[in-house]
Structure formats: C-alpha cells, structure tokens
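Here is a short briefing to read alongside the model. Have the sequence and the 3D view open as you go through the points.

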Amino acid sequence: MKTSAEVERWFKEKKPPNEATIRQVREIILGADRRMTECVKYGTLAFGYDGDFATFVQVSDKQASVMFNRGARIPGTFPHLEGSHPSARFMRFADPGEAKARAAELKKIIAAWGSLTPAERGAKPTKKR
C-alpha cells in the first residue's frame, strides 16, 4: 500500500475523532487497486484514479463518510452505496469493524470504477507541494 507523507501530516493536524475508521477504509481503498493514489484536496483526504474517485467528508463526525464524487457512474449495484444525486454517492462506516465487514463491497466498487478506464491510464502520482 503506497501512502503519502502529506496524508500522514493531515492526520496529525486534523486529529479526526474517527481516525481508526478512516485509516481502515484508506487501507482498503489503496490496497484494492495499485493505481489508486491518495492526497489532501480541499482540506480532506482524497483518492484518485483517472480523476477524483472519493473523498472523506464530515471528518469531525463519529462515523466515517466517504463521498464517491462521480458515484452515479459506477456500474453495478452495491447495498451500502447511498444517494440519488445525479453524480455523488456515499458510504458510511460506524467503526473499523464495519469498514472491515464492508471491505469486499468496497473493493468491488473500486474494481467497477477501474473498469471504466483502460489499465494503461490512471492518476498521475501525487505531486509534492
């Protein structure tokens, strides 16, 4: 799993109350596809592959909420993917255990996202700022 020093600084500065859950979800997302990258964007932890994939939102809440920026485009049906917006979808995790329990579903979401892009394309490595 390739992690970013920038993201580690974000954890240190932000000190989210749901850090353990966020870290668990992060591990699942980054481990699901080698092309997935992470960075800090708009003040929160973001993931990308061939464009923005997902961001953590409402990080001060007790639960961890992931917004799939263009989630409506993700092919397939996923029981824990919420929302009816023309673009975004959400998945919420109460704790690290729930994140682990939903790991297979989250990996399928990532695989479905990756299927929209040819393997030779994808996000460029995160630039240092």
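In this predicted model, the side chains of Ser-65 and Arg-92 make a polar contact at 3.5 Å. Ser-65 sits in strand β4, which covers residues 64-68.

**Around Ser-65**
- Ser-65 counts as buried because its relative accessibility is 0%, under the 20% cut-off.
- Beyond its neighbours within four places in sequence, Ser-65 touches Thr-55, Phe-56, Val-57, Gln-58, Met-91 and Arg-92.

**Helix α4**
- The 12 residues of α4 (residues 103-114) should span 16 Å at 1.5 Å a residue, and the end C-alpha atoms agree, being 16 Å apart.
- Among the buried residues of α4 are Leu-106, Ile-109, Ile-110 and Trp-113.
- The cover over the buried residues of α4 includes α2 (19-32), β3 (52-57), β4, β5 (89-93) and α3 (96-101).

**Salt bridges**
- The count of salt bridges comes to 8.
- One of them joins Glu-19 and Arg-23 (2.8 Å, N to O); these residues are 4 apart in helix α2, so about one helical turn separates them.
- Glu-19 is partly exposed at 25% relative accessibility, and Arg-23 is partly exposed at 27%.
- Arg-26 and Glu-38 also form a salt bridge, with their closest N and O atoms 2.7 Å apart.
- Because Glu-38 lies in strand β1 (residues 37-41) and Arg-26 in helix α2, this pair ties together parts 12 residues apart in sequence.
- Glu-38 is buried at 3% relative accessible area, and Arg-26 is buried at 3% relative accessibility.
- A network of salt bridges links Glu-8, Glu-19, Arg-23, Arg-26 and Glu-38.

Note on methods
Residues are numbered from 1 along each chain as its sequence is written. This is a predicted model: local features need pLDDT of at least 70, side-chain atom pairs count only at pLDDT 80 or more; totals for chains, interfaces and linings use all residues. Side-chain values use heavy atoms; hydrogens and water are left out. Helices (H or I, at least four residues) and strands (E, at least two) are DSSP runs, numbered from the N terminus. Buried means under 20% relative accessible area, exposed over 50%, partly exposed in between (1.4 Å probe, protein chains only). A polar contact is a pair of N or O atoms within 3.5 Å; within protein, one must be able to donate a hydrogen and the other to accept it, and residues adjacent in sequence count only if both atoms are side-chain atoms. Contact means heavy atoms within 4.5 Å. The expected span of a helix is 1.5 Å times one less than its number of residues. A salt bridge is a side-chain nitrogen of Lys or Arg within 4 Å of a carboxyl oxygen of Asp or Glu.
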